[in-house]
Amino acid sequence: MVRRSHRHSLQTFYTSVMNTIRTHFITSFKFSVSLMLIMGCLYFSKLVTAYFAITFPAALIAMLLLFCLLLAGIIKETWIAPACKPILKYMALFFIPAGVGLVEHLDAFVQHWPLFLLVLLLVPLIGLLIVSLFANMRGQHAE
Amino acid sequence: MLSDMLLTSFVCVLIIGLFLASRKLNSRFNTPLLNPLLVCIVTVSAILIFANISYGEFIKVSYPIHFFLEIAVVALAYPLYKQIHDIKRSLGLLLLCGFIGVTSATLVAFILCKLFVVPDELLNSLLALSVTTPITLIVTDGLNGIPAIAAFMVILIGMFGAVFGLSILHLLKIKDQRAKGLALGVVCHGIGTAAAIEHHPQAGAFASASMIISALITAIWVPILYAILTSSFAN
């Protein structure tokens with residue numbers, strides 16, 4: 001009796017381990033495939049920009065390319081979701097090395113601080129003013 | 001070789017740890033002033049300055065993280081596609097507002113730079129400020145500006161919008177939730193969108209849609225506008 005229940009628990013343990021391995025394998029496989037699709041778009045765009053000597057950033061061309069492929073239905077939304085969702089969720093992490101480049105330009109802030117202050121105040125103020133008034137006007141028109 | 005790899009993985013793990021910790025901190029206090037990215041940038045910069053490490057050395061060891069920047073930009077096609085499906089009806093309004101917002105931000109920055117007579121490199125860094133950070137980094141790099149300065153200003157503008165945006169819109173007597181969301185999404189991108197989502201669900205929906213649309217418009221329109229502006233002010 002005891003031996004049987006022991007064997008039984010071993011069996012459930014074995015199947016649960018196998019299930020976990022299987023789900024992890026499927027998840028990582030899906031993630032790899034969708035990452036590969038994204039990287040495919042990126043490196044294709046890099047090739048194109050290098051070949052035609054285009055100054056427009058390759059990553060932006062790749063974004064537009066992927067967007068058009070999605071719209072055309074050539075790439076399905078579900079194919080790229082497994083990589084896009086986590087990448088977009090923790091996206092800010094990838095900007096840290098570029099953002100730290102600030103240390104090389106601290107003197108620019110010291111030298112031109114009035115400009116930076118004005119840009120910081122006027123760009124959002126004027127933007128908010130123009131866009132909200134325009135949208136408000138259009139919204140009333142539509143009704 | 002092996003020690004290089006060890007150092008790289010050590011630094012990357014440190015950065016990821018710092019990032020996760022600052023995300024925790026932000027969600028605990030729930031204020032736009034503790035923006036995780038800004039906290040990380042300031043902390044790492046301070047460490048580099050105090051330890052007397054050059055940026056060139058740092059970027060070399062943090063390259064695996066930097067590598068994902070372009071991939072993240074490409075991945076933005078996914079929310080763009082998802083949004084396009086949801087907002088087909090107001091697409092015209094969103095495109096117009098995004099266009100107006102992005103153009104006015106670029107023009108204001110351009111005029112200010114011309115008034116203050118600054119070096120070209122600095123001027124080029126301040127032209128794509130009305131977008132989400134990854135697009136700023138890439139576009140500014142394409143314009144031969146300094147991506148780090150652009151990213152820093154973009155985060156500060158987002159914080160400004162999240163803190164004062166709704167009061168400014170209240171002063172302007174804007175009551176339409178759609179207009180509020182549109183303005184915050186176009187001008188103050190991700191950080192403003194977070195504030196709009198907290199304020200009202202409809203404002204939040206329009207903010208996230210207009211943020212992604214203005215990313216698209218900036219990517220296409222700002223390089224063209226830049227060429228027009230610089231060629232007409234060449235002397």
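This is a predicted model: local features need pLDDT of at least 70, side-chain atom pairs count only at pLDDT 80 or more; totals for chains, interfaces and linings use all residues.

Modeller: What follows looks at one helix of chain B and then at the interface with chain A. Just after the helix, Asn30(B) takes a positive phi of about 50°.

Along α1(B), the buried residues are Thr8(B), Val11(B), Cys12(B), Ile15(B), Phe19(B) and Ser22(B). An α-helix has 3.6 residues a turn, so residues three or four places apart point the same way. The buried residues of α1(B) pack against α2 (36-51), α3 (55-61) and α4 (63-75) of chain B, and also against α4 (96-99) of chain A.

Turning to the interface as a whole, 85 residues of chain B are in contact with 71 residues of chain A, and the area buried between the two chains is about 7,300 Å², with carbon and sulfur atoms giving 86% of it. On the side of chain B, Tyr55(B), Tyr78(B) and Tyr81(B) lose the most area to chain A, together 10% of what that side buries.

As for polar interactions, four residue pairs are in polar contact between the chains, and the rule finds two salt bridges across the interface, one of them joining the side chains of Glu70(B) and Lys46(A) at 2.8 Å, N to O. Helix α6 of chain B (residues 91-116) supplies the largest share of the side that touches chain A, 12 residues, and that side divides into 71 nonpolar, eight polar and six charged residues.

Conventions: Residues are numbered from 1 along each chain as its sequence is written. Chains are lettered from A and ligands numbered from 1 in the order in which they are written. Side-chain values use heavy atoms; hydrogens and water are left out. Contact means heavy atoms within 4.5 Å. Buried area is the accessible area (1.4 Å probe) that two parts lose on being put together, summed over both. A salt bridge is a side-chain nitrogen of Lys or Arg within 4 Å of a carboxyl oxygen of Asp or Glu. A polar contact is a pair of N or O atoms within 3.5 Å; within protein, one must be able to donate a hydrogen and the other to accept it, and residues adjacent in sequence count only if both atoms are side-chain atoms. Helices (H or I, at least four residues) and strands (E, at least two) are DSSP runs, numbered from the N terminus. Ala, Val, Leu, Ile, Met, Phe, Trp, Tyr, Cys and Pro count as nonpolar, Asp, Glu, Lys and Arg as charged, and the others, Gly among them, as polar. Buried means under 20% relative accessible area, exposed over 50%, partly exposed in between (1.4 Å probe, protein chains only).
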